[in-house]
Amino acid sequence: MKDLHEEGSVSPQAMRVLKAVKLVNHMPGIGHMAQNGELRKRFTAMEHRWNMPEGLTLEAAELSNSSLEWLYREDAGAKPIILQLHGGGYYGTLHNTYRDMAALYQKLSGGVVASLDYRVAPESPYPAALE
């Protein structure tokens, strides 16, 4: 397997992202906060309360290594279940942008959306999110 830093091993766009992450992780004043998860926690704390669309129900469930949010209409009946795995590169957690997308998936499908909020780094380094 090629090293990610070898020329031609990843796309130019991915290489720019890798360089940006490396830059942020070493910036004076915030680099340590990016590395230890404090920066993510601060952004999460500033997030506005989510306004759930009318007619939907949100249920949270705690699992052994993660949590899950079920989003559905009470009158959904036997409909498909969509499993939503949020982005964030195993560093970002479930937040309101993903809840908005879950609401859209529910509206388009008429089913139930299960959004898994898995463990992320640095508190739970890889491969914790996969467990």
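**Exercise 1.** Locate Gln 106 in the secondary structure, decide whether Gln 106 is buried or exposed, and find which residues Gln 106 contacts beyond its sequence neighbours.

*Solution.* In this predicted model, where local features need pLDDT of at least 70, side-chain atom pairs count only at pLDDT 80 or more, and totals for chains, interfaces and linings use all residues, Gln 106 lies in helix α4, helices being DSSP runs of H or I with at least four residues, numbered from the N terminus. Residues are numbered from 1 along each chain as its sequence is written, and side-chain values use heavy atoms, with hydrogens and water left out.

Next, Gln 106 has a relative accessible area of 2% and is therefore buried (buried means under 20%, exposed over 50%, partly exposed in between, with a 1.4 Å probe and protein chains only).

Then, with neighbours within four places in sequence set aside, Gln 106 is in contact with Leu 56, Leu 71, Tyr 72, Arg 73, Gly 111 and Val 113, contact meaning heavy atoms within 4.5 Å. As for Gly 111, its backbone oxygen is reached by the side chain of Gln 106 at 3.1 Å.

**Exercise 2.** Determine where Leu 104 is found and how Leu 104 is classed by accessibility.

*Solution.* Leu 104 belongs to helix α4, which spans residues 96-109. Its relative accessibility is 37%, so Leu 104 counts as partly exposed.

**Exercise 3.** State how many residues the protein chain has and what share of them count as buried, and give the order of its elements.

*Solution.* The protein chain has 131 residues, of which 30% count as buried. From the N terminus on, its elements follow the order α-α-α-β-β-β-α-β.

Methods. Helices (H or I, at least four residues) and strands (E, at least two) are DSSP runs, numbered from the N terminus. A polar contact is a pair of N or O atoms within 3.5 Å; within protein, one must be able to donate a hydrogen and the other to accept it, and residues adjacent in sequence count only if both atoms are side-chain atoms.
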